[in-house]
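Please keep the sequence and the model in view while reading.

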Amino acid sequence: MSAGRHRMRSNLNGAAAAAAVGVLVVTAGGWFGYQQLSGPDCSGKVELSVAVATELAPAVSGAADQWVKDGAAVGGTCIAVTVTASDPVEVAATVAAKHGAVLAGVGQASGTAVSPDVWIPDSSTWLARLKDGGATAFDPANGASIARSPVVVAMPEPIASRLGWPDKKLTWNNLLGELKSDKPLNTGIVEPTTDAAGLSGLLSLTAAAGAAGGADAQRDTVGALRALANSRSKLRQDLLARFPTSPDPTTIASGLGAAPLSEEDVIAYNKKKPPVPLAALYLEPAPMPLDYPYAVLPGIEPAKASAARVLFEVLTQSSFRNRLAAQSLRSPDGNWGAGFEAPAGAPSPAGGAPAPPTAGGTAAGGLDAAAIGSAVSSWAIATQSGRMLAVIDVSGSMKAEVPTANNATRQQVTVEAARRGLTLFDDSWSIGLWTFSTNLDNNRDYRQLVPIGRLSSRRGQLEQALGGIRSSSGDTGLYDTMLAAYKEVQEGWEAGRVNSIVLFTDGKNEDANGITQQKLLSELNKIKDAERPIQVVIIGIGDEVSKAELESITKVTGGGAFVTEDPTKIGEIFLRAIALRKAPA
């Protein structure tokens, strides 16, 4: 990170404030500025910290600097504004930690990181993911867009020309067809759990894959996820470095052939005059753009909030459009300012642009936060590997019908969720399957259907076993089963992989002849090993589950308990629970 620091003066009466800023200096190492008061008549000071997506930071800092040169200052209270060029995922991790949210694929916040007063990430999807990830009190003010960059598919021009670029209108189905061809296009992506453009591309491609419905849709979706994963990168610069560095056909064929990036990424790449320029393909339907929301984070004092409102007004003046253009960015309505060099095939702004995304329950492009969460979870599962024992409740209460699932039973809904999840796991996973009730296998409460083993040799066996699961007439033997399952996973523990148990149940422990809760917790405490961790995920279904009972187990083992009264939600919960598992260090 690097920062430009500006000092502004103002009279803070209600929402009124004005500003004066310091001189901004651009160096190869980043942004630096020096601060100065704009006069001796300041009476007090307000510190406002602003974290801005890196590519937008020069425009934000430049606008504040120009305001001072134009004499925009009022006597009274001084406002010191620190503008920091920040990677959105780093700020998201900090905000998530502060508000108790968990984001799939986003690591821990830096111990020195501080949540800003104003955050301008590259996409509203960050705000939606935080809210959906458990930050229930997270409700940033404003959230209106101050800039825009369409998400495109970047492709070496020789490859794009073969597909009809720039004259032919191309769709995401066209790209999906290239991935499924006999000679599939080498397609990559920046990790979509940490990159908004990557997430936008992932959502568009998987939507195209799932449009057909049925088994083919599931197969195509998983295929698309894995095709993208083959050439994924954690950093955008690493991905860009994989594009061809020579115009000869062999190099082009072996290099990266396509990747979802922002329009700004492509323009910036081509400005460096590479041997093989990139084409920007504006595929239809248009994916979620990067919309740069201006989010005033909750909990800041009123004086800072007033200062933040005035800073927003500065960044939405008509003159700001030209500053955006200098950074290869558009204004929020999709138009561009003087000097903007639109890539070949770019849609004309005169045709209008979609409405900017909102930061509330509905994210960009009309997709809600749950849809974004589901896509992120599916990606995380399809691109990681692990060792897991799935344990499914088959007690008598699982025969209860679910009205919201066309009266399918809880058992049928649970099995279907497990079956769909199985399709996302690749052959490197090791998975086993148990069922449990009371006295299910002679005096044992659990029955092993498939021992833990590599999916490469046991996928068919697992699918057959799932199809044969039926509810018993017994009760819920939760404690005996959990202890036995933990010992089973521990016995075959594998280093370098996430070793876990996922247990589905619709009730509390009802085994009068089994161990007590106290005995279970005591035994788990004895046998758990910090050097060989096992994560336990328990998914409770219906209104007869005690979340406190389930959490008493996962507090000892690690993992988490998830409870839903609507059994139709367990598929979504299952995906999220698996995606949130932490890989070993």
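## Helix H10 and its surroundings

Against which elements do the buried residues of H10 pack? They pack against S8, helix H8 (236-240), S11 and S12. The model examined here is predicted: local features need pLDDT of at least 70 and side-chain atom pairs count only at pLDDT 80 or more, while totals for chains, interfaces and linings use all residues. Residues are numbered from 1 along each chain as its sequence is written, and side-chain values use heavy atoms, with hydrogens and water left out.

The buried residues in H10 are Glu263, Glu264, Asp265, Val266, Ile267 and Tyr269. Here buried means under 20% relative accessible area, exposed means over 50%, and partly exposed lies in between (1.4 Å probe, protein chains only). Helices (H or I, at least four residues) and strands (E, at least two) are DSSP runs, numbered from the N terminus. Just after H10, lysine 273 has a positive phi of about 55°.

## The open sheet

Three strands form an open sheet in the order S11-S8-S12, with antiparallel pairing. Strand S11 (259-262) and strand S12 (278-281) stand at the edges, each with a single partner strand, so one side of each is left without a neighbour in the sheet. From one strand to the next, the twist averages 45°. Axes are lines fitted to C-alpha atoms, for helices over the stretch in contact, and angles run from 0 to 180 degrees between N-to-C directions.

Strand S8 (residues 151-156) is joined to S11 by 4 bridges, and the two run antiparallel. Two strands count as paired if DSSP finds at least two bridges between them. Alanine 154 stands opposite alanine 259 in S11. Helix H10 (residues 263-271) packs on this sheet, touching S8, S11 and S12, and its direction makes about 90° with that of S11. Contact means heavy atoms within 4.5 Å.

All 8 of the 8 residues of strand S19 (residues 498-505) are buried, so the strand is largely enclosed by the rest of the structure. In a regular strand the side chains alternate between the two faces of the sheet. Val498, Ser500, Val502 and Phe504 point one way from S19, whereas Asn499, Ile501, Leu503 and Thr505 point the other way.

Strand S14 (residues 386-393) pairs with S19 in the parallel sense over 7 bridges, and isoleucine 392 stands opposite phenylalanine 504 in S19. S19 also pairs in the parallel sense with strand S20 (residues 535-541), over 6 bridges. Between these two strands the chain passes through helix H17 (residues 517-527), and this β-α-β crossover is right-handed; that is, with the strands pointing away from the viewer, the path from the first strand over the helix to the second runs clockwise.

In helix H18 (residues 547-557), the buried residues are Glu549, Leu550, Ser552, Ile553, Thr554, Val556 and Thr557. Their cover includes helix H16 (478-491), S19, H17, S20 and strand S21 (559-564).

In helix H3 (residues 125-132), 6 of the 8 residues are buried, so H3 is largely enclosed by the rest of the structure. Those residues are Thr125, Trp126, Leu127, Ala128, Arg129 and Leu130. Helix H2 (88-99), strand S6 (118-120) and helix H6 (196-210) are among the elements that cover them.

## Salt bridges

The count comes to 18 salt bridges, each being a side-chain nitrogen of Lys or Arg within 4 Å of a carboxyl oxygen of Asp or Glu. Arginine 236 forms one with aspartate 195, the closest N and O atoms being 2.7 Å apart. Arginine 236 lies in helix H8 and aspartate 195 in the loop between strand S9 (188-190) and H6, so the pair ties together parts that are 41 residues apart in sequence. Aspartate 195 counts as buried, at 6% relative accessibility. Asp195, Arg236 and Asp265 are linked in a network of salt bridges.

Aspartate 427 and arginine 459 also meet in a salt bridge (3.0 Å, N to O). Aspartate 427 is in the loop between H14 and strand S17 (430-441), and arginine 459 is in helix H15 (residues 455-467), 32 residues apart.

## The protein as a whole

The secondary structure comprises 19 helices and 21 strands. Of the 585 residues, 54% count as buried.
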